[in-house]
Amino acid sequence: MNLTLLLLPAIIMFIVSFLKNEKVKYLLAFTSFVILVPIIELFLVPKPYNVFGSYLIADKLDTYVLLVSSIVGIGVTLALLTLDKHVKVSPKAYRKFYRFFAIFWIGLIFSILSNHMGIYWIGLELATLSTVYMIKTNYTPAAHKEAWNYMIVGAIAVSLILFGVILMYASAKPILGEEAMQFDLLLAHAKEIPSPFLFEMGFAISTIGMFVKMGFFPMNLWLANIERASFYPVAALFSGILESAVVVGFFRFSKIAMEVNYNHLFIFVFVYTILTIFIVSFLIFRAKDFMRLFSLSGVEHMALIVIFWVSGAPFAALLHFGAHAFLKPALFLSTGVLESRGKYRIAGALRGYKGKRGQLFWILVSLFLLAIISLPPSPMFFSELYGFGAMISTAKESDHMLAMIGAILFLLALLSIIFYRFVSIYQSMKYEGKVEEKTVYASELFALVIFAVSLMALLLPASLSYLKSIA
Amino acid sequence: MVDFLIGLFLASLIVALFTTRLFRLLLWYSMNSLMLGILALSIGNSIDDKAMIITGIMTIVIKAIGIPFVLKNLSQKFHFVRQIIPEIKVQYAIMLVPAILVFTFYLSEPITHMIHTNANYVAISISSLFLSLLLMMEHKNVAPKIVGFLSMENALFLLGITATNGMPMLVELGIFFDLLMAIVVINLLFHKEELKV
Amino acid sequence: MIIYLLSIFMLVLIAPLLLSYIKAMKMVLLFKRPVSILQGYRDFSKLMHKETILSEETSAITIYAPFLVLSPLIIVMFFLPPLVQGSYYVSFVDAFTITGLISLSTFFLMLLGLDSASAFGGMGSSREAFISALVEPAMILTIFSVSLMAGNLGVGQAGVNLAEHFPKEHMASFLFAGISFFILLVAENGRIPIDNPETHLELTMVHEAMTLDLTGIYLAIIEAAASIKFVIFASLFASLFMPFGLEFSALVAFLIFIVKLFFIASIVALLEVNTAKLRLFKIPNLLGLAIVFAFLSLITFYVLGA
């Protein structure tokens, strides 16, 4: 079990993508499935496991995130098989998509497994740059423009992260030397950092970089526009995988920042996320198409994950994260079918499915839609319960109990706006509009089933106790 | 000596802000990177750090010569607009640039008390970060935006060199690799491909 | 005292030489046969012998103004930092006085242009006013910031202090001030990116437009004033931004200073060959840069101390 084995499928995918054969499409999809095998193996070995010296260390959090990401990757690959039935895409674009998908995987594995701020950043930048080209596989002027947009805003965000990383490194270098970039050493020596102000400044800057990348305030709409312009599997990759890499970085940095000064971290993140949810909820209320709706709701959930994590409920954050990582790509993939009769037709999108496949499809999609607004059997329901509970219990220890309750009520009010919007959209999808026939292909349905099964697997007692053991 | 180089670094960035021609902008970017490379070489020489010297040589070869050359070729191949007039008028830029400088200098004052070696350079690298953001903001065309992004990378590098006396070698090589990847992606983005089904 | 007077005299004497040197150098760089570097003196003596004709529309100003253009510049010559160690110098004159005297000279030059009542004169004056309004703030800021670095507001004393104790720790702000001052040197003397001293095309003239109607002795005085102005700027640049070589014996130090002046002139010539003249409304870009650098030098010195 080593690094080569982890990277091998991606490298094979990269090489195979240069072959010009009709059958290559299936070979590429197959290699993309194979990525799961070494990751499951990594999941089973005892933790922490040194993959590559002290630079890449697999611990429980890493492998959980990596497993979730690889399942999402498989679902996306399945949906890619029938992409050309829904939208116009050239075979060349297909191969290029997979070429950059391979680079994306390499960057992702590095950034998720890294125990080193520098390597985390390198992996993230690699993943960001490779997604730029994936957006452009859609040969439209809008996609071209948005690819540039993503390139520039993404580069600024990632540069901010590096800037913060350098400041944090500078703050800890006097005590740790060259090893001040390693997360575990930093965490162990967090209390001894000689200049906490410098560390907090670096943390704040890199956090703002990450938040911009996840579409938080003030860049709420840029992800939505980009996902609208690109193909739906790309949007699924963004919400399912790339954001998970960013959020893992936030988890690691904030763990150290909690040790340095918990109050500052909490207030900073709390204000930032509430502001984000405040704006996003109204943006969702005005969303007129599926892509923007789902992408904005992704921003909202990311904000919730972040707020749960910093308010001392890592279990809730991880559960919410897993549930979101499965639900959102599933919804994005289903937009391929939902929008097959025009982009902005919400009314009637869930009508007109014939046969067993169609039946299963609309039932699954409606379940997903109801699950994303955390109706009870969904894992999000439990994670939000845990999360708000943890926020109250954190506030109990301080004197801000009343403020915290007010904040939670405010958050719930905002969430109810989103809830209302989703329910009304669901009603209009199901009960309004004309009945138009839409076809569902087996591979997409299979992807949705995979996501549904893994969602249910999240609720198994074994997986819940695994998540608790991470926390 | 280091002060002098750092002054030239900031000066070339400020001149780049007022440039209205693409090739001149590339020249100033190249000067900016050259100063960064010489700075890395001289600091590396004085603290006897081999990694920093390698970084300096790589900076000069890749950033000061390679990237401007590639960008110039790209601009000729894809017929960029070579007259790049800033969106922010000069009279406002004259007020804006000093304002940014004062702001960042005061912003980084608490930091300069904490870093004992080369404290001022942190302030200058933060201000050059802001100035490269301004460079990205004040142009509508893509090419100057790319140059702005690259000079932002330079500002980060300056911070890495001066605030921490050089980052670990592995990280610096990785940053260079990502930069090359960025150039490849930029190259690909310029190809306007038509839909052939 | 004798060295002081002698050095001022020598500088005044050398002034036309420098401008002819720039001209000759440019011609060499353009592969032309260069003019003699003594051409400046020849022109001067030729103009002195020529008949002086005044236009009918002119008033008394045209008779007085050339002297009033020259005399403030001559006064400034007395306030420059010393060229040689141990020589007498005026220590208390600060940036405002020097800039003020130079603008006084410019003011009379503009009056002269207006007084000729030709279309070109007024145009040249308005352009000159436009440029010098942008030059002055930058110039005050630059000299001020250098004087602060040297620890004395008097320009003469500042030059001495810089030569005795060079502020290595303020190298960055020193550099910014140097860049700013060089741009001002080019702008205020009407060299190429701002104004072309050789052209008589009405679209581009600034300095020439104002002196177009002058003849004979008045033109000679104005030309002399222009070359003295260049010497003032060049020697300010040399003693504030290249403060070395004063500790040698008087003759060697003076020779070193002359070499510095010629070095500056060569750089100006190189710049003139390599750049095109800016459009009039692009000039604020360049001078704005000078203002930004001057301000930057001041705040870098104040806030960072670098």
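**Exercise 1.** How many residues does the contact take from chain B and from chain C?

*Solution.* Before counting, note that this is a predicted model, where local features need pLDDT of at least 70, side-chain atom pairs count only at pLDDT 80 or more, and totals for chains, interfaces and linings use all residues. Residues are numbered from 1 along each chain as its sequence is written, while chains are lettered from A and ligands numbered from 1 in the order in which they are written.

Step 1: Chain B then puts in 20 residues and chain C 17 residues.

Step 2: look for the elements on the chain B side. Helices here are DSSP runs (H or I, at least four residues; strands are E, at least two), numbered from the N terminus. Those giving two or more residues are α1 (2-17), α4 (90-107) and α6 (119-137) of chain B, and α4(B) gives the most, with nine residues.

Step 3: sort that side by class. Ala, Val, Leu, Ile, Met, Phe, Trp, Tyr, Cys and Pro count as nonpolar, Asp, Glu, Lys and Arg as charged, and the others, Gly among them, as polar. You get 16 nonpolar, three polar and one charged residues.

**Exercise 2.** Work out which chains touch, and with what.

*Solution.* Step 1: two pairs of chains are in contact, and chains A and B share the most contacts. Chain A and chain C do not touch, with their nearest C-alpha atoms 18 Å apart.

Step 1: zoom in on A and B. Here 34 residues of chain B meet 31 residues of chain A. On the chain B side, α5 (109-114), α6, α7 (142-164) and α8 (169-190) each give two or more residues. That side splits into 24 nonpolar, three polar and seven charged residues.

**Exercise 3.** Describe the build of chain B.

*Solution.* Step 1: count the elements, which come to eight helices and zero strands.

Step 1: check the size. The radius of gyration (taken over C-alpha atoms) is 17 Å, close to the 16 Å from the globule rule (2.2 Å times the number of residues to the power 0.38) for 197 residues, so chain B is as compact as a globular protein of that length. Along its principal axes, the C-alpha trace of chain B spans about 60 × 40 × 30 Å.

Step 2: look inside. A residue is buried if 20 or more other C-beta atoms, placed from the backbone, lie within 10 Å of its own; 52% of the 197 residues of chain B pass.

**Exercise 4.** Which residues touch the most other members of the largest nonpolar core?

*Solution.* Step 1: such a core is a set of buried Ala, Val, Leu, Ile, Met, Phe, Trp, Tyr and Cys residues joined through C-beta atoms within 7 Å. Of its 337 residues, I166(A), Y169(A), F9(B), L18(C), A234(C) and F237(C) touch the most other members.

Technical notes: Two residues are in contact if their C-beta atoms, placed from the backbone, lie within 7 Å. A residue is buried if 20 or more other C-beta atoms lie within 10 Å of its own, exposed if 12 or fewer, and partly exposed in between; C-beta atoms are placed from the backbone.
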